[in-house]
Amino acid sequence: MPALIEIVSVIDAAPSVVFDLKLDMDVHAASLRSSQETAVTSTGRRQLALGDEVTFHARHFGLRWRMTSRITVYERPDRFVDEQTRGPFRLLRHEHQFHNLNGVGTQMTDRLWVVAPLGPMGTVVTRALIAPYLRRLLSQRAAHIKHLAEASHS
């Protein structure tokens with residue numbers, strides 16, 4: 001059974017602005033500087049589109065991690081999904097939704113499903129350690145996106 005992490009943010013900017021910031025890999029890396037995260041795209045472009053892959057390198061829990069994800073759904077400016085194709089998890093699926101708040105902003109919702117390897121032991125580790133850690137990372141990233149989107153809006 002996957003662990004579900006959900007983060008909801010209200011941002012004073014149009015959905016298209018927020019959507020584009022979320023798919024910008026330079027913005028992604030800047031939002032997670034503390035983990036020394038880098039993102040290399042399959043196309044060489046910093047902005048992802050449907051079918052593109054991105055490989056992340058980062059330091060988490062004192063270890064170097066590598067994970068590759070693919071954009072499997074792309075419905076600009078409403079929604080996109082990225083899914084791990086190679087990496088440390090048995091499953092990692094991240095859905096990003098952008099709901100227009102009647103022209104006065106965007107409700108950005110991140111839903112991340114994660115399953116660690118190692119069966120029942122992985123479930124325990126996911127719930128006790130990985131899910132809370134990923135929740136903090138998603139919240140940090142959402143705050144960074146909010147700051148950039150609102151700064152460009154004013």
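Predicted model: local features only at pLDDT ≥ 70, side-chain atom pairs only at ≥ 80, totals over all residues.
**Stop 1: Lysine 22 and aspartate 110**

Lysine 22 sits in helix α1 and aspartate 110 in strand β7, so the pair ties together parts that are 88 residues apart in sequence. Are these two residues buried or exposed? Both lysine 22 and aspartate 110 are buried. Side chains of opposite charge can pair when their charged atoms come close.

**Stop 2: Helix α1**

Helix α1 covers residues 15–22. Which of its residues are buried? Colour Pro15, Val18, Phe19, Leu21 and Lys22. Now look down the axis of α1. The buried residues fall within an arc of 165 degrees, so they line one face of the helix. An α-helix has 3.6 residues a turn, so residues three or four places apart point the same way.

**Stop 3: Arginine 111 and glutamate 6**

Next, select arginine 111 and glutamate 6. Here is another salt bridge, with the closest N and O atoms 2.6 Å apart. Arginine 111 belongs to strand β7 and glutamate 6 to strand β1 (residues 3–11), so this pair ties together parts that are 105 residues apart in sequence. Arginine 111 is partly exposed, because its relative accessibility is 22% and buried means under 20%. Glutamate 6 is partly exposed too, at 35% relative accessibility.

**Stop 4: Arginine 46 and aspartate 26**

Move to arginine 46. Its salt-bridge partner is aspartate 26, and the closest N and O atoms are 3.7 Å apart. Arginine 46 lies in the loop between β2 and β3, while aspartate 26 is in helix α2, so the pair ties together parts 20 residues apart in sequence. Arginine 46 has a relative accessible area of 49% and is partly exposed. Aspartate 26, at 46%, also counts as partly exposed.

**Stop 5: A salt-bridge network**

Select Glu75, Arg79, Arg93 and Glu95 together. Salt bridges link these four in a network. How many salt bridges are there in the whole structure? A search finds 12.

**Stop 6: Threonine 55**

Threonine 55 is buried, because its relative accessibility is 13% and the cut-off for buried is under 20%. Show its side chain. It makes a polar contact with the side chain of threonine 68, at 2.8 Å. What else does threonine 55 touch, beyond its neighbours within four places in sequence? Its contacts are Thr38, Ala39, Val40, Arg66, Met67 and Thr68.

**Stop 7: Arginine 33**

Now find the loop between α2 (25–31) and β2 (38–41), which holds arginine 33. Arginine 33 is exposed, at 62% relative accessibility. Draw a distance from its C-alpha atom to that of alanine 58. The separation is 9.3 Å, for residues 25 apart along the chain.

**Stop 8: A cis peptide bond**

Go to the loop between β4 and β5 (79–86) and pick out proline 77. Look at the peptide bond that joins arginine 76 to proline 77. Is this bond cis or trans? The bond is cis, with omega near 0 degrees. Most residues other than glycine have a negative phi, and most peptide bonds are trans.

**Stop 9: Two positive phi angles**

Select asparagine 102, in the loop between β6 (91–100) and β7 (106–115). Its phi is near 50 degrees, a positive value in a residue other than glycine. Asparagine 102 is exposed, with 76% relative accessibility.

Then select leucine 118, in the loop between β7 and α3 (119–153). Leucine 118 has a positive phi of about 80 degrees, although it is not a glycine. At 68% relative accessibility, leucine 118 counts as exposed.

**Stop 10**

End the tour on phenylalanine 61, in the loop between β3 (53–60) and β4 (63–75). Phenylalanine 61 is partly exposed, with a relative accessible area of 39%.

Terms used:
Residues numbered from 1 in each chain as written. Heavy atoms only, no water. Helix = DSSP H or I, 4+ residues; strand = E, 2+ residues; numbered from the N terminus. Buried < 20%, exposed > 50% of the residue type's maximum accessible area, 1.4 Å probe, protein only. Polar contact = N/O pair within 3.5 Å; in protein donor to acceptor, adjacent residues only side chain to side chain. Contact = heavy atoms within 4.5 Å. Arc of directions from axis to C-beta. Salt bridge = Lys/Arg side-chain N within 4 Å of Asp/Glu carboxyl O.
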